[in-house]
Amino acid sequence: MLARLRERVDDVARRSPARLTLIVFASVIAIVTALLSLPIATASGETAPFADALFTATSAVCVTGLVTVDTAVYWSTFGQAVILIGIQIGGLGVMTLASILGLAVSRRIGLTQKLLAAAETKTTRLGEVGSLVRVVLVTIAVLESALFVVLLPKYLLLEHSLGTAIWHALFQSVSIFNNAGFIIEVGGLGQFVGDWWMNLPIIIGGFVGALGFPAILSIAGSWRRPRHWSLHAKLTLATSTILYVVGVVAIGALEWANPRSFGALPVGDRILAALLAGGTPRSSGFSTVDIGTMSEATWLVQDALMFVGGGSASTAGGIKVTTFAVMVLAILAEARGDPDIEAFGRRVAPTMLRLAIAVAFVGATLVGAGTLSLLILTDLHLDVILFEVISAFATCGLSTGITPHLPDSAKYVLAALMFTGRIGTMTLAAALALRDRRRVIRLPEERPTIG
């Protein structure tokens, strides 16, 4: 029975990885939507509007964090538990499905690439999906447990009862690691703007969660020997670190004297707010300062960071840092006149550049289409709409505050963006890689004028 099920998963993952991903995520979203539509899911005991239930379910399963209603006030404990389960399943699903898709791709490429893939994933056969999932489960359990242990004393000090403190610490630890951005603390995170105990777990947990399972596995397996890390892990860690520093410096500098955001805070609180704001646009979407009070220049910086997102097979969204890194390396190689794209003593295959361009272009197209749709459906300005659309596509969750006030039609557009943003780039990359084919006859080469 188990062997037959394993063969079935192998077959579906190999023949139609996009279909597998679509079916799994759509089914989970439908179930969560149905549960949130029950009267017991709301604090008032009334049935939630379908648009809000669907939007919340999509945001939870796609680990985004955009909300149309206050999670802490609108939903009951049952509703919050449903959201928590949706976040956990969504976060786990992203990592495991992405790993399965990667293994499916490895079955279609050459022997050398298969050996490299086996070295990175610690597996040699697609039939070992079960073992891979167990490793993912253990990794998630360990990291979320660590966050829970750190946060529990903090919630107890906030004069919560033991049961409430455990619930809040559990919800927050799952939301942080899965980069979901949901909070159930009444009043939000604004009250913790200068609290290092609350902010550091968000900063560190979100950063680690955004690295992605392949990178975490490679680093953990040889954490004392960085030279043995995979190229993917090195690119992910290096690019994520650089983008984090750039985000902290840029947002901190732009908002330092803004009296509506950082300017009214003590110096220490400004530094902490900048440290949090520099990383969350690419991952978790948590914020201790109202995004709506920030300048348009800061929004533009956050737009760029959100669009890039986190690591491949991670709970973060965007086009992924490795996609961005490969394109930057290609630009540098072209500027130097190098025939190959190289990084950390390795040569990047030309097909990876084609794949990166395809993923980035599709992502930009989705953002453009979503922005145009909301401009038609609402009378809001381009800057706030673009911010909200990129946040939805990148499954980030930051918001200027317009989402709860959007018409239902616009909410459906953002829900569709969250869904396509979560599974789109992943399935596109796998689908394009699986379509790699050999041609006996190749046409003559010619160089068109570029630029």
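Colleague: How much space lies in the second largest cavity?

Modeller: Rolling a probe the size of a water molecule over the atoms shows where empty space is left. A cavity is a set of points, on a 1 Å grid over the protein atoms alone, where a 1.4 Å probe fits but cannot get out; lining residues have an atom within 4 Å of a point. Points are joined across faces, edges and corners, and the volume is the space filled by probe spheres set on them. Here the second largest cavity holds about 60 Å³. This is a predicted model, where local features need pLDDT of at least 70 and side-chain atom pairs count only at pLDDT 80 or more, while totals for chains, interfaces and linings use all residues. Residues are numbered from 1 along each chain as its sequence is written, and side-chain values use heavy atoms, leaving out hydrogens and water.

Colleague: Which residues lie nearest the centre of the second largest cavity?

Modeller: Ala273, Leu276, Ala277, Ser287 and Thr288, out of 13 lining residues. H12 gives the largest share, three residues; helices are DSSP runs (H or I, at least four residues) numbered from the N terminus. The lining has nine nonpolar, four polar and no charged residues. Ala, Val, Leu, Ile, Met, Phe, Trp, Tyr, Cys and Pro count as nonpolar, Asp, Glu, Lys and Arg as charged, and the others, Gly among them, as polar.

Colleague: How many cavities of 30 Å³ or more does the structure hold?

Modeller: Two. H9 (196–209) and H12 (267–277) each supply at least two lining residues, and the largest share, four, is from H9. Its lining divides into seven nonpolar, five polar and one charged.

Colleague: At what angle do H11 and H13 pack?

Modeller: Axes are lines fitted to C-alpha atoms over the stretch in contact, with angles from 0 to 180 degrees between N-to-C directions. H11 (residues 231–255) and H13 (residues 296–308) pack at about 165°, with axes 9 Å apart. They are therefore roughly antiparallel: under 35 degrees is roughly parallel, over 145 roughly antiparallel, 65 to 115 roughly perpendicular, and the rest oblique.

Colleague: How do H14 and H15 cross?

Modeller: The axes of H14 (residues 321–336) and H15 (residues 350–377) come within 9 Å and cross at roughly 120°, so this pair is oblique. Their crossing is left-handed, that is, the near helix is turned anticlockwise from the far one by less than a right angle. In H14, Thr323, Val326, Met327 and Ala330 make contact (heavy atoms within 4.5 Å) with residues of H15 including Met352 and Leu353.

Notes: On a 1 Å grid over the protein atoms alone, a cavity is a set of points where a 1.4 Å probe fits but cannot get out, and a pocket is an open set with protein on both sides within 12 Å along at least five of seven lines; lining residues have an atom within 4 Å of a point.
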